[in-house]
Amino acid sequence: MKVTIPESINDIALHQFQKYDLLLKRTDLKDDQFNVRKIEIFTGLERKRIPLLSQTDYAEILSLIDKALEQTTEFQPTFKIKDVEFGFIPNFDKITAGEYRDLTVYSQDVAEMHKLMAVLFRPIKSKVGKNYKIVEYNGTEQRANVMKYMPLSIVNGALVFFSNLANELIAYTQKYTAEEQAKENTPATTLKNGGGTLLLI
């Protein structure tokens with residue numbers, strides 16, 4: 001029986017983690033049922049064939065999956081899916097209202113994470129050295145499903161980087177709002193962390 005096991009977090013696709021996230025939320029499964037489904041998600045092995053594994057292989061596969069999931073990652077601004085190279089938004093100072101709205105909406109749920117990635121990463125249309133330009137934003141419909149196949153390592157690195165940017169934006173917005181309202185001598189209204197905060201994997 002040939003089994004493909006993820007050797008690192010780079011070998012895990014976003015859609016696999018999304019399925020695993022749903023599995024983690026289930027409360028109706030016993031430990032052995034949970035582990036069988038876990039192996040099914042990350043190896044592609046048919047559920048009915050998993051009990052045929054030797055106990056040693058069974059335990060080792062679970063251990064390797066856990067090690068891959070626990071790996072930390074660094075931010076990588078570009079990656080490829082097949083022959084298409086995608087780049088992270090190069091300049092957040094120039095994002096559109098549509099991008100900002102969708103980033104806020106899709107950052108709340110792992111089930112929507114492929115849509116968030118379709119906002120943050122878009123095909124590179126030109127590149128000179130490390131500098132690049134990405135295609136204009138026109139929604140996530142065309143590329144969201146493609147993003148389900150991006151490596152989890154890229155997703156995690158982007159989420160940490162984006163979270164830091166979002167926190168800076170919130171702080172800047174609070175400061176700017178307070179300054180403007182002070183000029184007008186009106187009571188200050190500040191943003192609350194909640195809607196628009198990021199969910200990290």
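Is D102 buried or exposed? I started there. D102 comes out at 10% relative accessibility, so I logged D102 as buried. The cut-off I used for buried is under 20% relative accessible area. I am working from a predicted model, so my notes on local features keep to pLDDT of at least 70.

**Entry 1: around D102**

I placed D102 in helix 4. Helix 4 spans residues 97-106, and I listed its buried residues as G98, E99, D102, L103 and Y106. I then checked how they sit around the axis. Their arc is only 130 degrees, which puts them on the same side of helix 4.

I also took one distance from D102. Its C-alpha atom is separated from that of K115 by 8.5 Å. Along the chain, D102 and K115 are 13 residues apart.

**Entry 2: helix 5**

Next I looked up helix 5, residues 113-120. How many of its 8 residues are buried? I found 7, and noted the helix as mostly covered. The buried ones are M113, H114, L116, M117, A118, V119 and L120.

**Entry 3: overall layout**

I stepped back to the whole protein. I counted 7 helices and 4 strands. From the N terminus on, I read the order as α-α-α-β-β-α-α-β-β-α-α. The protein has 201 residues, and 38% of them count as buried.

**Entry 4: the strands**

I went through the strand pairings in order. Strand 1 and strand 2 are antiparallel, with 4 bridges. Across this pairing, I found K80 bridged to E85 in strand 2. The two strands form a hairpin with 2 residues between them. K82 in this hairpin has a positive phi near 55 degrees.

Strand 2 (residues 84-88) also pairs with strand 3 (residues 121-128). I noted 3 bridges here, and the two strands run antiparallel. Which residue of strand 3 stands opposite F86? I found P123 there. For G87, the residue opposite in strand 3 is R122.

Strand 3 continues to strand 4 (residues 131-134), and 4 bridges join this antiparallel pair. V128 has N131 of strand 4 as its bridge partner. Strand 3 and strand 4 make a hairpin, again with 2 residues between the strands. In that turn, I read a positive phi of about 65 degrees for G129.

**Entry 5: aromatic rings**

I searched the whole structure for aromatic pairs and got 11. F75 sits in the loop between helix 3 (55-70) and strand 1 (78-81). F75 is partly exposed, at 28% relative accessible area. F161 is also partly exposed, at 33%.

Then I took F88 and F121. This pair is edge-to-face, with 5.3 Å centre to centre and 70 degrees between the planes. F88 belongs to strand 2 and F121 to strand 3, so the pair ties together parts that are 33 residues apart in sequence. F88 is buried, with a relative accessible area of 2%. F121 is buried as well, at 0%.

Last, I turned to the second largest pocket. I noted its volume as about 260 Å³. Which residues are closest to its centre? Of the 15 lining residues, they are P90, N91, K94, R122 and I134. Strand 3 and strand 4 are the elements that give two or more residues to the lining. Strand 4 has the largest share, with 3 residues. By class, I sorted the lining into 7 nonpolar, 2 polar and 6 charged residues.

R122 links two of my entries. R122 stands opposite G87 across the strand pairing, and R122 is also among the residues closest to the pocket centre.

Key: Residues numbered from 1 in each chain as written. Predicted model: local features only at pLDDT ≥ 70, side-chain atom pairs only at ≥ 80, totals over all residues. Heavy atoms only, no water. Pairing = 2+ DSSP bridges. 1 Å grid on protein atoms, 1.4 Å probe; cavity = no way out; pocket = protein on both sides within 12 Å on 5 of 7 lines; lining within 4 Å. Points joined across faces, edges and corners; volume = space filled by probe spheres on them. Nonpolar A, V, L, I, M, F, W, Y, C, P; charged D, E, K, R; others polar. Buried < 20%, exposed > 50% of the residue type's maximum accessible area, 1.4 Å probe, protein only. Phe/Tyr/Trp six-rings, centres within 6.5 Å; stacked < 30°, edge-to-face > 60°. Arc of directions from axis to C-beta.
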